[in-house]
Amino acid sequence: MAKRRPAILVLEDGRTFPGEAYGSVGETFGEAVFNTGMTGYQETLTDPSYHRQVVVQTAPHIGNTGVNGEDDESSRIWVAGYVVRDPARIGSNWRATGGLEDRLATEGVVGISGVDTRALTRHLRERGAMRVGISSIDTDPQSLLARVRQAPQMVGADLSAEVTTAEPYVVEALGEHRFTVAALDLGIKRNVPRRLATRGVTTHVLPASSSIEQLLATGADAIFLSPGPGDPGTADAPVALAREALRREVPLFGICFGSQILGRALGFGTYKLGYGHRGINQPVLDRATGKVEVTSHNHGFAVQVPGAGGGAVVPDQVIDTDFGGVRVSHVCLNDNVVEGLRAVDVPAFTVQYHPEAAAGPHDADYLFDRFAELIEGTGALDRQRSEGRTHSKGRSNA
């Protein structure tokens, strides 16, 4: 096997890791974060929420099942860079249509292999997520460090417009059509409308710049606020849209970034976690049922509820907001970070994690049923019948 080209990874605090070029030869910068998932690397790479982030895979062996044409969560790879320890030399799976490194190279994704990812992950856990650079063209650590420190930070980054759809599209319900949902695309993953489709929901996906009038003009019975990248503190327009939806009592469901947007709309703040939650093994308590779920996470920010978060004990009281009472519905059992909110007086709820997770886990898939029940409970079916509303076919991009 030919010797790989040398590469280096430099963190903004000066810590340097040597390795070899993996994927595209070049140079890249972003926020260094680690993902603890042992499966689903293709879904991770194509998740728009990873835009401008350099992902460190803690699982040592990556690429062993290659890549295929079915598991992408969007139309392209979004990660700014990729860090692995031991890449597979040959991808082997009956569904594979190519190799991971070839896919990275084709899309210009600069990566590095042969890195001590365990040491790198421990460093990020202790020091927090930070800016990073990877280069296989300039292996002078001090030279690369200077450029790392000039790179933009994730705090204050408004990124939704960079990942949203350019044009609206429709994903049709499977089987009998029950409801219509308008999804504000802040960085949506393909599996969200797929999971809704199995519940008889037709989803209209609209650009992040859309107004509430444009969302409701689809005939929507409810609004979905999607996951996405960046600092929720910058997303003032989606927050204003969510507040108007709450005022009109339109059913709302937000996931991840969408949860933070809805949290801000309810009057709560957001804050940056030390190193975030990224992986598919996070234990979350559903306070309504007492059930502990194994869940998939990808968030570096969280909602700050008074008296909650940051390791504090989450209160059980109803919190008063401009739109009535709100309860903390879900909490992460690792660190007590707020992972979900449920409004008491208006039809709205959120979760900070990913019930649509592919390649799993699927413990939280029931939340899409809860969304359908919320819509039904607001009388959507009765309104459809009284208005004589019929469902029109649209273009599917599932």
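This is a predicted model: local features need pLDDT of at least 70, side-chain atom pairs count only at pLDDT 80 or more; totals for chains, interfaces and linings use all residues.
View 1. Helix H8 is followed by Glu249, whose phi is positive, near 60°. This value occurs although Glu249 is not a glycine. Glu249 belongs to the loop that lies between H8 and E14. With a relative accessibility of 47%, Glu249 counts as partly exposed.

**View 2. Helix H8 from end to end, residues 236-248****.** The helix comprises 13 residues. From its first C-alpha to its last, H8 reaches 19 Å, which is close to the 18 Å expected at 1.5 Å a residue.

**View 3. The buried and exposed sides of H8****.** Pro238, Val239, Leu241, Ala242, Ala245 and Leu246 are the buried residues in this helix. Seen down the axis of H8, the buried residues fall within an arc of 160°, so they line one face of the helix. The face turned away from this buried side carries Ala237 and Arg247, both of which are exposed.

**View 4. The elements that cover the buried residues of H8****.** Among the strands in this cover are E11 (179-185), E13 (222-225), E14 (252-255) and E20 (348-351). The cover also includes two helices, H7 (212-216) and H9 (257-265).

**View 5. Arg52, a residue other than glycine with a positive phi****.** The phi of Arg52 is near 70°. Arg52 is placed in the loop between helix H1 (41-45) and strand E4 (53-57). Its relative accessible area is 22%, and Arg52 is therefore partly exposed.

Definitions and conventions: Residues are numbered from 1 along each chain as its sequence is written. Side-chain values use heavy atoms; hydrogens and water are left out. Helices (H or I, at least four residues) and strands (E, at least two) are DSSP runs, numbered from the N terminus. The expected span of a helix is 1.5 Å times one less than its number of residues. Buried means under 20% relative accessible area, exposed over 50%, partly exposed in between (1.4 Å probe, protein chains only). The arc is that of the directions from the helix axis to the C-beta atoms. Contact means heavy atoms within 4.5 Å.
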